[in-house]
Amino acid sequence: MNEEKILTALDEGELEKLLSPAPSFRARQLFKWIYRDVLSFDEMTNLPVSFRDELKKRFILCDSAVKKRLVDEDGTVKLLVAFSGGAGAEAVLLKDGKGRCTACLSVQAGCPVGCVFCKTGSLGFSRSLQAHEITEQFLHLSRESSAPIGNIVVMGMGEPFFNLDALRKALFLVGKGKGLSPRRFTVSTSGIPRGILDLSENGPKAELAFSLVSAREDLRGRLMPGVREFSLAEIKNALGIYQKKNGRRITLEAVLLGGINTGPEDARAILDFARGLFVVVNVIPWNPVNGLCFEGKPLREPDACETETFIRTLEQGGQNVTRRFRKGRGVCGACGQLGQRLQQGGN
Ligand code: SAH
Ligand code: SF4
């Protein structure tokens with residue numbers, strides 16, 4: 001399918017060109033309808049029937065399908081979205097205690113970084129998603145949501161900076177269509193310096209989260225083989241540049257793997273890394289994924305004592321810390337639990 005024919009890939013200017021010689025307000029009307037979550041051209045009631053018929057012939061409103069839908073007791077909804085050509089990715093709708101909704105989107109089918117603790121990483125890599133495939137994840141989630149979605153976190157499957165152009169376009173479209181400012185977007189990266197610099201130069205002005213995992217270079221490289229080539233010094237330098245430009249606090253995500261990166265020396269290494277940056281450390285106790293091992297030993301969740309001691313060491317070092325509460329574990333929709341091959345059943 002030619003991407004130009006898929007409406008969720010197009011901004012108002014592009015629509016206007018394709019619809020010419022129709023008056024430009026038709027493009028604006030059409031763009032608005034796409035982001036009102038309609039499922040058919042016939043719902044676009046302020047467009048003349050003849051124009052709708054033309055649209056039906058020339059365009060596709062949505063190029064993906066929800067193949068599976070799981071709802072957790074805590075309200076989290078996980079969708080498996082199937083794209084043309086057979087690839088699939090998961091998107092998650094998270095609700096907080098106040099009823100606010102956040103969309104967690106994927107940027108790739110699988111992930112080439114291959115972090116040993118992450119379900120997506122264990123699947124291998126199929127391909128990067130196109131802009132409309134990211135936009136459509138949001139629209140599918142929006143149809144599930146009783147309240148408007150106020151935030152987007154790019155924390156699903158894949159590495160955002162290995163697919164930044166498509167992500168940028170999708171965030172632009174959703175931001176425009178839904179009236180969300182870039183401050184409502186959080187991009188989480190495993191640490192690609194050139195990507196951080198590109199985002200800093202060319203926007204959007206999103207919040208940035210960096211999956212530090214370990215500030216001990218050697219251990220980090222063994223846990224996250226696909227980004228081993230980038231040194232922590234290089235990444236820190238890029239984060240510093242981003243921060244100077246953006247002026248916002250950066251989140252350092254620290255997944256705690258029981259017995260592996262939870263010791264006092266691990267916490268102290270994070271304190272060293274954070275020095276000179278304005279950051280909050282988000283501690284994420286590892287969400288279990290069956291069958292994942294590190295150097296021959298099965299991974300395990302950190303126990304309460306490990307987690308508390310780790311947090312205390314950071315706080316005693318003067319570091320701001322938050323702890324990620326767990327959402328969606330019942331549907332394997334929590335961090336690092338995303339990944340399902342389209343052909344297979346189960347989670
Ligand atoms: N690829 C990007 C974004 C997706 S992963 C990145 O790595 O940042 C989103 C977050 O989930 C990352 O902080 C990652 O470290 C964390 N994560 C991965 N697997 C996890 C697991 N099993 N339990 C808890 N967090 C996990
Ligand atoms: Fe990829 Fe992020 Fe999972 Fe690592 S944690 S494998 S970078 S999705």
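Let's start with Pro21, which sits in the loop between helix H1 (12–19) and helix H2 (24–34); helices (H or I, at least four residues) and strands (E, at least two) are DSSP runs, numbered from the N terminus. The peptide bond leading from Ser20 into Pro21 is cis, and its omega is near 10°. Before going on, note that this is a predicted model, where local features need pLDDT of at least 70, side-chain atom pairs count only at pLDDT 80 or more, and totals for chains, interfaces and linings use all residues. Residues are numbered from 1 along each chain as its sequence is written, chains are lettered from A and ligands numbered from 1 in the order in which they are written, and side-chain values use heavy atoms, with hydrogens and water left out.

Most peptide bonds are trans, and most residues other than glycine have a negative phi. Asp37, in the loop between H2 and helix H3 (49–58), has a positive phi, near 65°. Further along, the bond from Gly203 to Pro204 is also cis, with omega near 0°, and Pro204 lies in the loop that joins H7 to strand S9 (207–211).

Now for H7 itself. Helix H7 (residues 193–202) packs against helix H9 (residues 232–246) at about 10°, with axes 9 Å apart; axes are lines fitted to C-alpha atoms, for helices over the stretch in contact, and angles run from 0 to 180 degrees between N-to-C directions. That angle is why H7 counts as roughly parallel to H9 (the term covers angles under 35 degrees).

A backbone N or O atom of Gly158 is 2.8 Å from a nitrogen atom of ligand 1, and a backbone N or O atom of Asn287 is 2.8 Å from a ligand 1 nitrogen atom. Ser211 brings a polar side-chain atom to 2.6 Å from an oxygen atom of ligand 1.

Technical notes:
Parallel < 35°, antiparallel > 145°, perpendicular 65-115°, else oblique. Polar contact = N/O pair within 3.5 Å; in protein donor to acceptor, adjacent residues only side chain to side chain.
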